[in-house]
Amino acid sequence: MDGLEVSMPHNVTPPLRASRASRQTVVPLPLGDVPFLCRRARVQQRRKAYDKAIRLLERAVQLAPDDVDAWYLLAEVLAEAGRFAESNEALWRLRELCPEWADVWYFLASNHAYLGAYEEAEAYALRYLEREPQGEYADLAHDLLEAVYAELHQADEGGGPPQNGSIVQRHEHARALLETGRFHEAQALLEDLVKAHPDFLPTRNNLALAYYYTGRLERAVAAVEAVLAQDPHNLHALCNLAVFCVNLGDWPRLVHLSRLLVKLIPLQPEAMYKLATTLGLLGEHERARVLLRKLLDWARMEEAPLLHFAAVAAYNTGHPEEARRLWEKAVRLSGDPVAAYYLQVMEEVEAGKRAAPEALPYQHQIPLEGYEQVALLSPQELPEGLRNDPLVRASYLWALRFGDAATKRRAIEALAQLGDSEGEAALRQFLLDPDEADDLKALAFLALLSRGGRGFAAGEGERPGDEGSVPGWLSVVAGWPPAWRKVLLSLSVQYNADRENPVYREAVALWCAYVMAKRPEPRQIRKPEAWAAAVEYVAARRVGKPVKQRELAARYGVAPSAVSRIARLLRLALAKP
């Protein structure tokens, strides 16, 4: 709320130094001076010490019940502190003192909107515009009405949670999966929920995020556009679309979205949080700072991520000391390692050990420079506390989808080392992508093989040596012709499918790479055992454990000449150009 600024007069001269005798005299503060109380309240308001400011102003209106400035300032501070109902009482008192003052209707509309009393907010905003169609707050009143109409429209269309408790429960479970970085599991669940309840828009918004975190930007955009087709004012969908457009480089659409988002007035803390972080990402740091400070001031939200984002917005708008105070508070309240990291950065900047960052990212994590850099670190090399960070996992998935060949190779290795269903799902999906390179697919298969993921361990009653059977971990190549699979099966028999054996692992990778590169016809593999022996021969030499061709031929029951001939074919086919 904008108010009249009460400043200290410029013509006050400092007192002379008191004599030793007069120093013992206590000079009482003018507590009965209403302007003095208002000035002190303004100071406390700037410091965000709202309780002290309110006490001073309550004293002021007690001393001067008809003082318009004191009542106005009290209404303003109460609203900033989130005490909207009490602010309304002060505004009604102002209405009695100044019946012709039209601005009071806008302030009442704003307070009622934040209280969730949208019909009353609409009525007061319209009354203000009727009285002051070109007034100081006319544009803000129109924006407020748009936000109120969006909330009323959502209620009219049944935009709240569905009545089916099971659907709500499953949706909350999907949200939890997203928050813990299990994006593929969340995606599968959310897709089922969208089919079962297509009008429940939060599910569609979260499905868009699941697609985004796994690097499927086109699907993410389609999902969020489906939300906006039903609700063009859906704030979460608009924010998500803006983030997607940044990654797609769709700048014309992003400019339009930025202009729209800056004008939005979020009425609920969750929506305010979403909008603030999105605006920060778009470079609208001052607007982000205002919203985040508002959350801290009256929504009583002091979680570590919010404190960190508010600190980032403060730093990015040229208020480093404010940022420092917020990071210190995050460390004091929860020992937040991200805040501790940035405090260390500030100390190093002050000591001249590093250059001051131009701008900080709106991410609650210790920064890693892009997904390429994340992919260069194995999970074991990551700083403590980041190994299970959802954003780090998303970085591996993005590296797997958008990185160059070397980055994808490191991402494959990292996802295998994560040792969970999320990494396995990403690697399985990678194998099914027709646009990916065959040698990388072979590495992905080997990664799955090496960690013995679900669906790759031998099933019950299934032994690697059984004729005609394929061990469970070979289900990924179940579609291959029998002769191709028999080569892998022969290798599995020889090594008892020992995933820890480096020769066996290299042999499996080598064979997969050859198949994917050359696509040999089944008739070309007349004796799979001979091919298996040759594959093992080449693989053993590659890992520094050479074996004689005669020994291999005897073990596989084939002729040494066949092993030699096929080994030459393999080396030629897999030689680097």
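## Model and conventions

This is a predicted model: local features need pLDDT of at least 70, side-chain atom pairs count only at pLDDT 80 or more, and totals for chains, interfaces and linings use all residues. Residues are numbered from 1 along each chain as its sequence is written, and side-chain values use heavy atoms, with hydrogens and water left out.

## Overall build

The chain has 28 helices and 0 strands. Both are DSSP runs numbered from the N terminus: helices are H or I with at least four residues, strands are E with at least two. Of the 577 residues, 48% are buried. Buried means under 20% relative accessible area, exposed means over 50%, and partly exposed lies in between (1.4 Å probe, protein chains only).

Contact means heavy atoms within 4.5 Å. Among contacts between residues at least 6 apart in sequence, 58% join residues at least 24 apart. The accessible surface comes to about 29,100 Å². Carbon and sulfur atoms hold 51% of that surface. Areas follow the Shrake-Rupley method with a 1.4 Å probe; for residues, only the protein chains shown count as cover.

## Nonpolar core

A nonpolar core is a set of buried Ala, Val, Leu, Ile, Met, Phe, Trp, Tyr and Cys residues joined through side-chain atoms within 4.5 Å. The largest one here has 176 residues. Those with the most contacts inside it are Leu261, Leu267, Trp327, Ile412, Trp511 and Leu570. Helix α26 (residues 528-542) gives the most to this core, with 10 residues. In soluble globular proteins, nonpolar side chains tend to be buried together.

Leu261 shows the packing residue by residue. Setting aside residues up to four places away in sequence, Leu261 touches Leu238, Cys239, Ala242, Leu275, Thr278, Leu279 and Leu282.

## Cavities

A search of the whole structure finds 3 cavities of 30 Å³ or more. A cavity is a set of points, on a 1 Å grid over the protein atoms alone, where a 1.4 Å probe fits but cannot get out; lining residues have an atom within 4 Å of a point. Points are joined across faces, edges and corners, and a volume is the space filled by probe spheres set on them. The largest cavity holds about 120 Å³.

Its lining has 4 nonpolar, 3 polar and 4 charged residues. Here Ala, Val, Leu, Ile, Met, Phe, Trp, Tyr, Cys and Pro count as nonpolar, Asp, Glu, Lys and Arg as charged, and the others, Gly among them, as polar. Lining residues include His184, Arg216, Leu397, Phe430 and Asp433. Helices α20 (390-402) and α22 (421-431) each supply at least two lining residues.

## Selected residues

Gly423 sits in helix α22. Gly423 is buried, at 1% relative accessible area. Its C-alpha lies 8.8 Å from that of Arg182, 241 residues apart along the chain.

Val558 belongs to the loop between α27 (549-556) and α28 (560-574). Val558 is buried too, at 11%. Beyond neighbours within four places in sequence, contacts of Val558 include Lys527, Glu529 and Ala533.

Lys48 lies between α1 (34-46) and α2 (50-63). Lys48 has a positive phi of about 65°, although it is not a glycine. Ala359 lies between α18 (337-350) and α19 (370-375).

Key
1 Å grid on protein atoms, 1.4 Å probe; cavity = no way out; pocket = protein on both sides within 12 Å on 5 of 7 lines; lining within 4 Å.
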